[in-house]
Amino acid sequence: MRPHLELMDRALVERVLGEAFELLEDPGVRVAPYAVELLREAGARVEDGVAHIPEWLASRALTTAPHEFHLHNREGQAVVHYGGYDVQFDPGSSCLNILDSESREARLALAADLVRMVQLAEMLPEYSAQSTAMVCNDVPQDAGDWYRLFLVLYYSAKPVVTGAFSGPSLATMLRLLTLESGGELELRRKPRAIFDVCPSPPLNWSEFASENIIELARAGVPAEIVSMPLAGAAAPITLVGSVVQHAAECLSGVVIHQTARAGSPIVWGGAPAIFDMSSGTTPMGSIETAMLNVACSQVGKHLGLPTHGYLVNSDGKLLDAQAGMESGMSTVLGGLAGINMISGAGMLDSLACHSFEKLVVDAEAIASVRRLLAGIEPRGASLATAMFAQTGLAGDFLKLKETRALFRSEQHFPSNLIERGGSGSPELWTRAHERVQELLAGYERPAIASERQDDMLAFAEEQAERHDLLRLPGIYQQRQSA
Amino acid sequence: MSDSMFSAMKQSIVDGAPETAATLAEQCVSDGVAPLDAINQGYVPGMHFVGEQFGLRKMFLPDMMASAEAMRAAMNILDPQLKRMGNSRPCAGVVILGTVKGDIHEIGKCLVGTLLTAHGFRVHDLGADVSADKFVAAIRQHNPDLIGMSALLTTTMKNQRTVVEALDKEGLRSRVKVMVGGAPVTRQWAAEIGADAYGKDAVTAVAIARALMEGTPLEVLAEPQ
């Protein structure tokens with residue numbers, strides 16, 4: 001039996017959806033001009049930039065939204081499954097700082113840091129997908145979105161969770177992906193990337209969010225709605241009230257998306273959180289934030305949609321017991337909830353800072369959760385009596401052939417990072433840092449056809465010139481030093 | 001006016017009770033009590049108490065918001081009275097606030113505005129998605145002592161730097177102190193872009209604004225990162 005976690009009974013989930021449908025009608029959803037005509041033609045009443053979406057329109061959109069789809073690796077293999085109770089993880093995305101491995105202090109992240117993070121995630125099977133993990137502060141802001149994606153595609157063969165912060169950025173990123181995939185049709189048939197699109201709480205699709213979700217639908221490239229109700233500040237204080245708002249924001253996104261192109265892949269996702277009434281911050285590592293993620297995912301699953309959440313991170317600034325506690329607990333909860341893609345690993349300081357060392361520690365938590373999700377299963381006709389028949393009360397189970405045959409599937413073996421027994425190892429940071437070094441030393445850039453690489457580099461150089469980016473940070477230094 | 005009345009005024013702020021605060025202010029006017037006495041001996045001590053309790057994690061942001069609302073209710077009665085007397089509440093400073101361009105998140109910035117107002121600052125809130133040009137124009141119009149810029153996103157916080165650069169370019173930088181805040185913002189970031197101060201939350205922002213007005217060294221307020 002695979003263990004599951006649900007925080008609401010069926011009746012409550014249906015009440016959540018009932019109120020979410022009500023919110024879509026009244027007060028409605030603020031939408032940018034980019035989406036107005038689309039929604040009006042579909043049957044919504046749009047007045048003063050607010051779309052009043054009838055339930056029938058939302059229900060229709062739900063019937064065309066796919067219940068599952070795959071992301072593909074560079075070789076075109078379907079390696080990430082959005083749908084059902086499959087659980088996958090990717091590192092957190094788009095933070096500004098990196099926890100410096102030498103000083104152990106946060107500093108602005110650079111392209112070379114993103115490259116290192118991508119190489120590390122490439123080496124860790126616990127991460128099914130990469131993310132455009134951090135803002136490269138040595139890259140002009142206008143070029144930031146496509147450049148992050150370019151670096152990930154250059155150094156990784158895994159699927160990518162990414163996002164664009166403007167309409168023009170999205171167009172450039174789609175062109176890059178088209179180039180990398182070998183054409184628009186191929187990109188649609190075997191998408192390599194999924195794009196986060198973020199409504200602003202409460203119930204507001206800004207100009208670039210509206211444009212992004214519509215253009216992604218038209219391109220047939222998967223979109224992941226990242227709704228971010230902030231309980232008590234930009235959403236109702238009650239957790240269930242915030243789940244209602246999340247549902248309304250996601251439903252409105254599904255309506256816009258499926259109206260733009262029915263059948264395009266879309267994910268019921270988010271980064272819901274509470275608002276800390278003392279610090280005024282968003283405690284992404286709090287138990288209530290994890291509960292919101294579980295509950296929001298439960299609503300998406302009720303509708304049969306693929307789901308996403310934001311967990312496996314901490315509000316602490318260091319790789320310490322708080323980071324382990326918060327990240328570990330939310331990894332377990334997200335896994336048990338069956339959230340299809342869980343973003344956030346590696347991150348500290350309420351998503352403001354990434355850490356290589358934390359990424360490897362989080363991978364251990366993810367591996368443990370995979371064991372948890374495998375559950376407890378009978379392995380033969382007898383559960384225990386047949387083994388007792390062999391050992392009697394002497395209890396020498398270590399010698400049994402069953403022990404040797406089954407211990408690898410019954411037990412998870414963590415890396416040396418996790419201390420067990422022995423006479424005392426260096427502190428966690430040192431062990432994690434050594435693991436990072438070990439993994440990076442073993443990294444080899446996945447093969448890519450030379451003509452495709454040349455095309456990507458030519459594209460990047462052409463774009464870079466437009467943005468006064470005189471070199472390609474993270475590319476040429478690496479090539480010269482290699 | 002008795003001390004018990006001042007205590008009641010203070011308590012109305014602590015309780016976050018706008019109706020009580022307004023009733024007491026009206027009574028103060030009808031009794032001919034100097035409005036400044038009511039403000040300085042009744043309501044302001046209430047706000048100070050709430051600030052202290054907030055620092056001790058005994059009161060929280062919703063309590064602060066309610067207290068600020070009660071303060072506003074009292075001032076709505078007392079301000080016109082002060083004006084009639086040819087007087088006005090001493091202004092703690094003039095502040096321009098805004099969330100920088102590209103960012104539509106206003107919660108933190110509005111909280112800062114509410115608390116600054118409750119503490120006697122005159123606040124001009126430019127809203128969200130505010131360009132550097134708008135900050136420059138507002139500075140020319142209102143001649144503030146301070147500007148406060150908020151950003152929630154890592155991708156938009158860079159526009160705080162754009163505003164500081166615009167102030168330099170327009171020759172306005174020396175006329176105003178610059179405070180920055182927002183979820184991804186840090187003290188290091190503030191230093192890097194040439195801002196004068198960083199506030200980690202709305203309450204700290206008030207303390208920093210006061211310190212900047214008084215010329216108090218900010219190290220006094222510093223907390224280890």
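**Reading a predicted two-chain model**

Biologist: What ipTM and pTM does the predictor give the complex?

Modeller: The ipTM is 0.83 and the pTM is 0.91.

Biologist: How many residues of chain B are in contact with chain A?

Modeller: Two residues are in contact if their C-beta atoms, placed from the backbone, lie within 7 Å. Here 15 residues of chain B are in contact with 19 residues of chain A. On the chain B side, helix H4 (61-84) and helix H5 (107-118) each supply at least two residues; helices are DSSP runs of H or I, at least four residues, and strands are runs of E, at least two, numbered from the N terminus. H5(B) gives the largest share, three residues.

Biologist: Which domains does chain B have?

Modeller: Domain bounds come from an automatic or database domain assignment. For chain B it gives domain 1 (3-84) and domain 2 (93-221). Their centres, taken over C-alpha atoms, are separated by 27 Å. Their contact takes 10 residues from domain 1 and six residues from domain 2. H4(B) gives the most to the domain 1 side, with six residues.

Biologist: And how should I read a nonpolar core?

Modeller: In soluble globular proteins, nonpolar side chains tend to be buried together. A nonpolar core is a set of buried Ala, Val, Leu, Ile, Met, Phe, Trp, Tyr and Cys residues joined through C-beta atoms within 7 Å. A residue is buried if 20 or more other C-beta atoms lie within 10 Å of its own, exposed if 12 or fewer, and partly exposed in between, with C-beta atoms placed from the backbone. The largest core here has 214 residues, and B:Ala209 is among those with the most contacts inside it. Helix H9 (residues 239-260) of chain A contributes the largest share, 11 residues.

Biologist: Which residues does B:Ala209 touch?

Modeller: Leaving out residues up to four places away in sequence, B:Ala209 touches B:Gly93, B:Val95, B:Leu116, B:Phe121, B:Leu146 and B:Met179.

Terms used:
Residues are numbered from 1 along each chain as its sequence is written. Chains are lettered from A and ligands numbered from 1 in the order in which they are written. This is a predicted model: local features need pLDDT of at least 70, side-chain atom pairs count only at pLDDT 80 or more; totals for chains, interfaces and linings use all residues.
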